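Visitor: I have a structure to read. Can you walk me through a few features?

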Amino acid sequence: PMPYSERFANVDEYIQSMLNFITSSELFQHLCGGVHILDFITQEPDLYTAVLPEDWRQYFEHHEISDILDLLMRVDLSLFETLDPITQASYSEVCEHTGFSPPPSLLEYIRNIRLLSLDRAFPDPQETDLLSPGSVLARRVTVGMNAKKVHEVSNLARYVDNLSSKISSKYFYSISHFVDFGSGQNYFGRALASQPYNKRVIALESKPLNIDGARNMDVTAKLVRKEITMRDKKQYRSKIYGNQYIPKPVTSIETTPPDHKTSPPRCETPPTNHESNIQYIETVIENGDLSSIIGRINYSSPSPSTQSSDPKPQNMMIISLHSCGNLLHHGLRSLTLNPSVRAIALVGCCYNLLTERLPPTSQPPTSRFRPPNDRLTQTSSTCDPHGFPMSDRFMKYKHASGEGISFNITARMMAVQAPRNWTQTECNSFFTRHFYRAVFQ
């Protein structure tokens with residue numbers, strides 16, 4: 001289920017409350033209406049003064065960035081409503097008297113944002129059946145991964161394995177193939193294809209270089225046998241170096257005893273499609289229709305004991321770790337466009353690369369403070385049927401500014417930020433970097 005606040009009775013109530021807020025809050029529309037961080041530094045007249053209320057600015061001037069971030073995300077706001085047992089004054093009133101109280105409008109804005117934000121807490125694997133503890137991935141499988149990637153791949157692999165088991169027990173059919181959208185170096189698919197999961201993975205990737213690199217790592221992970229080519233070294237070197245190749249003189253000759261049996265040279269069989277749980281398909285995913293891709297899948301099982309009388313994959317799950325931009329939309333739509341796709345498990349990213357489905361219905365509120373931005377105009381005029389929003393409810397939602405919900409590229413760039421992970425050093429570096437960028441600009 002969608003991890004919304006417990007204050008909402010159901011998902012429809014949550015969606016309606018969110019739509020009401022984003023279409024009625026003028027301040028939210030200012031901050032998500034095409035404003036870039038550099039606009040607060042380079043814009044004339046001063047955008048910071050024009051957009052933010054005066055009492056907000058006064059409060060920000062007396063506090064460090066880390067303290068403001070704590071207030072936005074971590075501080076218990078009920079603290080500001082608590083009554084002192086002696087003076088019977090609220091903490092907010094005491095702070096206001098000393099000049100350090102957050103303005104009531106700021107607190108209300110923070111409450112609304114927190115209420116409408118989805119819960120991003122990562123559940124303890126021991127507290128949920130969909131993330132039960134599993135075996136640690138073998139070192140040869142995690143080659144090339146940093147600590148962050150190992151964490152992501154390990155937990156998502158366990159989740160997908162348990163999700164497929166839940167589907168099998170509830171609907172009495174098993175997921176036969178796991179189709180990885182945008183596999184890249186195939187870290188995630190390789191983990192699923194290895195012990196203890198042994199899943200059949202179809203890796204879809206558009207770049208041949210990534211596929212070649214992934215196949216080399218499959219050899220390291222011992223999912224396929226290393227191909228050994230037997231050749232005459234002298235002829236091979238002569239072919240490469242031509243007349244420049246001079247064989248080394250033989251200084252001594254060792255003879256083999258007559259009773260010694262010379263063993264034949266070792267030669268490993270080159271890997272075949274039937275020896276690996278992974279099949280790579282080079283393709284560019286442009287929509288959710290997988291009919292052309294399904295026809296290219298090798299349906300035979302790598303293990304003769306698991307051969308099926310019906311070779312076609314009737315039950316597929318679309319998986320992806322870091323579905324970039326519209327790739328997430330294509331994965332979601334594949335569930336309704338392909339009868340053989342029974343489930344999806346996708347982790348989206350790079351929402352700033354999503355295209356826009358709706359044309360600009362109105363000028364952003366900040367347009368009266370700043371000149372038009374070419375990038376905003378260009379990205380908001382694509383009218384891509386595969387872009388944002390996917391929901392018909394968002395498409396047809398009527399509000400004071402028109403019809404439909406559309407977030408421009410700067411709003412989507414802010415959506416991928418993770419301010420809870422920001423440290424004091426990162427914050428200082430962020431503002432320093434943008435200051436110098438503004439100077440050059």
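Visitor: Which residues make the nonpolar surface patch?

Guide: Keep in mind that this is a predicted model. The patch is made by Phe-435, Tyr-436, Val-439 and Phe-440. Its area is about 510 Å². Phe-440 lies in helix α18, residues 424–440. With a relative accessible area of 76%, Phe-440 is exposed.

Visitor: How do I read helix packing?

Guide: Two packed helices are described by the angle between their axes and the distance between the axes. Take helix α1 (residues 11–24) and helix α8 (residues 104–116). Their axes come within 10 Å and cross at roughly 145 degrees. The crossing is left-handed.

Visitor: Which residues of α1 and α8 make the contact?

Guide: From α1, Tyr-14, Ser-17, Met-18 and Phe-21. From α8, Tyr-109, Asn-112, Ile-113 and Leu-116.

Visitor: And charged pairs?

Guide: Side chains of opposite charge can pair when their charged atoms come close. Here the count comes to 9 salt bridges. Asp-70 and Arg-74 form one of them, at 2.7 Å, N to O. Asp-70 is partly exposed at 28% relative accessible area, and Arg-74 is partly exposed at 40%.

Visitor: Where do Lys-149 and Glu-152 lie?

Guide: Both are in helix α9 (residues 147–171), 3 residues apart, about one turn of the helix. Lys-148 joins them in a network of salt bridges.

Visitor: Are Arg-412 and Glu-356 buried or exposed?

Guide: Both are buried. Their side chains meet in a salt bridge at 3.2 Å, N to O. This pair links distant parts of the chain, 56 residues apart. Arg-412 is in helix α17, and Glu-356 is in the loop between β5 and α15.

Key. Residues numbered from 1 in each chain as written. Predicted model: local features only at pLDDT ≥ 70, side-chain atom pairs only at ≥ 80, totals over all residues. Heavy atoms only, no water. Patch = residues over 30% accessible without salt bridge, like charges linked within 9 Å, V, L, I, M, F, W, Y side chains within 5 Å. Areas by Shrake-Rupley, 256 points an atom, 1.4 Å probe, with all protein chains shown as cover. Salt bridge = Lys/Arg side-chain N within 4 Å of Asp/Glu carboxyl O. Helix = DSSP H or I, 4+ residues; strand = E, 2+ residues; numbered from the N terminus. Buried < 20%, exposed > 50% of the residue type's maximum accessible area, 1.4 Å probe, protein only. Axes fitted to C-alpha atoms, helices over the stretch in contact; angles between N-to-C directions. Left-handed = near helix turned anticlockwise from the far one by under 90°. Contact = heavy atoms within 4.5 Å.
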